[in-house]
Amino acid sequence: MQKRNIIATAGFWMMLVTIFFGIATNGGLRTILNFIHLPSFIVTFGGAFFAVMATADSMSDYLDGLKSIFEAFIQSPPETKQITENILEMSDRARKEGLLSLETDTGSKEDFLQKGIRLIVDGTDPELVRDILENELSHKEERDRKRVRFWQDMGSYGPAWGMLGTLLGLINMMRSMGTDADAIGAGMALALITTLYGSVLANWICLPTARKLEKNSAQECLAMEIVIEGVLSIQAGENTRIIKEKLKSIMDMEERGNS
């Protein structure tokens, strides 16, 4: 069962507080209103979001990428230690009471583990069990890659559209120089604030989201690999100590790969 990721959520909002703090300490809270400029917002955020939409395979993929921000900062990935303990407990019971005794565990809160247990309890061929579970793992990895790429693309488009807005503002400002002082001010606002918005979009939202999704995906895929090996080992009737060592080796290899 996934839990609320308090530290990630807090970090996300504290970044915004830091931006407001930097603005307020250089002119007071009222100056925050000076940084609200709708045309700059539309050019930067709208341009970045629509640029990503233009590269999306389908609307469902696009919406899935957008919604993934909630999974990045609200939910924590499954704990591999707890999953390992559950598998070892099931292994002990299966060796003592048989595979059918695990039917009561098909209501497990971990959906992937629940599916694996259901397959072996139903007497599915081991190779077919592996194929089914590994196919689901592959689909998840592909979906996670699309989500990470979505926010990476957004993070690269944001500053680019901010720069485009800067150029638009500078052009308007140059055309108004010496004729309309108000237009010069509006042009400068568009020129400077779009650059700020592009940087905020990339560094506050997009890049942290992409990195968090990437880390969550690695943890979730590791948990799924542990489930696959654990379930197949239970089905084969292996000794619990051997299963423990196999699962430990998977986690050790993952840690070495990330180091």
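**Testing the terms**

Mentor: Start with the nonpolar patch. Its largest share, 3 residues, comes from α6. Keep in mind that this is a predicted model.

Trainee: Which residues make the nonpolar surface patch?
Mentor: M163, L167, L170, M188 and L192 make it, over about 440 Å². Helices α6 (126-176) and α7 (181-235) each supply at least two residues.

Trainee: Take L167, in helix α6. Why does L167 count as partly exposed?
Mentor: Its relative accessibility is 48%. Buried means under 20%, exposed means over 50%, and partly exposed lies in between. The value of 48% falls in between, so L167 counts as partly exposed.

Trainee: And what lets L167 belong to a patch?
Mentor: Patch residues need over 30% relative accessible area. L167 has 48%, so it passes that cut-off.

Trainee: How many helices and strands does the protein have?
Mentor: There are 8 helices and 0 strands. From the N terminus on, the order reads α-α-α-α-α-α-α-α.

Trainee: What span is expected for helix α1, and what does it reach?
Mentor: Helix α1 covers residues 6-24, which is 19 residues. The expected span is 1.5 Å times one less than the number of residues.

Trainee: Which residues of α1 are buried?
Mentor: A8, F12, L16, I23 and A24 are. Here is a general point: an α-helix has 3.6 residues a turn, so residues three or four places apart point the same way.

Trainee: What makes a set of residues a nonpolar core?
Mentor: The residues must be buried and nonpolar, and joined through side-chain atoms within 4.5 Å. The largest such core has 29 residues. I87, L102, I117, I226 and I234 have the most contacts inside it. Helices α4 (80-97), α5 (111-121), α6, α7 and α8 (240-258) each supply at least two residues of this core. The most come from α7, with 10 residues.

Trainee: What does I226 touch beyond four places away in sequence?
Mentor: I226 touches T80, I83, T84, I87, L247, I250 and M251.

Trainee: Where does A8 belong?
Mentor: A8 is in another core, of 23 residues, apart from the largest one. F45, V52 and M154 are also among its residues.

Trainee: How much of the protein counts as buried?
Mentor: Of its 259 residues, 41% do.

Key
Residues are numbered from 1 along each chain as its sequence is written. This is a predicted model: local features need pLDDT of at least 70, side-chain atom pairs count only at pLDDT 80 or more; totals for chains, interfaces and linings use all residues. Side-chain values use heavy atoms; hydrogens and water are left out. Patches are made of residues with over 30% relative accessible area and no salt bridge: like charges are joined within 9 Å, nonpolar side chains (Val, Leu, Ile, Met, Phe, Trp, Tyr) within 5 Å. Accessible areas come from the Shrake-Rupley method with a 1.4 Å probe; for residues, only the protein chains shown count as cover. A salt bridge is a side-chain nitrogen of Lys or Arg within 4 Å of a carboxyl oxygen of Asp or Glu. Helices (H or I, at least four residues) and strands (E, at least two) are DSSP runs, numbered from the N terminus. Buried means under 20% relative accessible area, exposed over 50%, partly exposed in between (1.4 Å probe, protein chains only). Contact means heavy atoms within 4.5 Å.
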